[in-house]
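Have a look at the model first.

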Amino acid sequence: MIFETVSFLRVGGIVIFPTETVYALACDASNYRAMLRIYDIKQRNIKKNLPVMVAGITHLEKFTLFNQSQASLIKECCPGPVTFIFRRKKSVHFRFRFPEKVAVRIPDSKVALKILRIFKRPVFATSVNLSGRPAVSNFTQIGNYIKKRVSHIICDNRGVKGIVSSIVDISGERPVLVRKGAFNIRFVGKSEFIE
């Protein structure tokens, strides 16, 4: 199941797997054609960037910029249902086509983390839904339109809470809470979220 998912990612496939928030629609972040297919499947505006998912903070260091205090905040929240917005390193733009600011999450899901650790590269991972529709938190909610357009689906509802991740922008001097979600607190350690 896990290895089959990784095999599809390696050849440019689109896969669906569970996380602790909602189901993820994912592809290899270095595969431009696969990325465009996700936009097509979701009927998503191409101007809206796709979030990225990685296995750990060491992967973040390869393509994002953050300081020591931001690293402490990340370690307090991750792995978990928090998506951070970072400034990206200029050197990775052409390979991964990341924008100047990139949203990244380290999931707290055994299935998702195992996929990411075996794959060893970032993936674009967004919620399973058509743009503007509710995110899928149960595999029975995945419609035929999406099922027919993906390579592989892991159907496992265990641990899927059905609440989207919180989004925190740490690309500036102070962290800003952009979206309330599963990780819905105002203070984390010494960092104050600005709303």
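A residue is called buried when its relative accessible area is under 20%. Keep in mind that this is a predicted model.

Q: How many disulfides does the count come to?
A: A disulfide needs two cysteine sulfur atoms within 2.5 Å. For C77, the closest cysteine sulfur is that of C78, and at 6.0 Å it is too far for a bond. Seen from C78, the closest sulfur is in C77, again too far at 6.0 Å. The count of disulfides is therefore zero.

Q: What is the relative accessible area of C77?
A: C77 falls in the buried class. For C77 the value is 2%.

Q: How many aromatic pairs are there?
A: F66 and F86 pair with ring centres 5.7 Å apart, and planes at 55° make the pair tilted. F66 sits in the loop between β4 (64-65) and α4 (68-77), while F86 belongs to strand β5 (residues 82-88), so this pair ties together parts 20 residues apart in sequence. F84 and F86 also form a tilted pair, 6.2 Å centre to centre with 55° between the planes. The count of aromatic pairs is two.

Q: Which residues do ring pairs link into a cluster?
A: F86 pairs with F66, and F86 also pairs with F84. The cluster linked by these ring pairs consists of F66, F84 and F86.

Note on methods
Residues are numbered from 1 along each chain as its sequence is written. This is a predicted model: local features need pLDDT of at least 70, side-chain atom pairs count only at pLDDT 80 or more; totals for chains, interfaces and linings use all residues. Side-chain values use heavy atoms; hydrogens and water are left out. Buried means under 20% relative accessible area, exposed over 50%, partly exposed in between (1.4 Å probe, protein chains only). Rings of Phe, Tyr and Trp (its six-membered ring) pair if their centres lie within 6.5 Å; planes under 30 degrees apart count as stacked, over 60 as edge-to-face and the rest as tilted. Helices (H or I, at least four residues) and strands (E, at least two) are DSSP runs, numbered from the N terminus.
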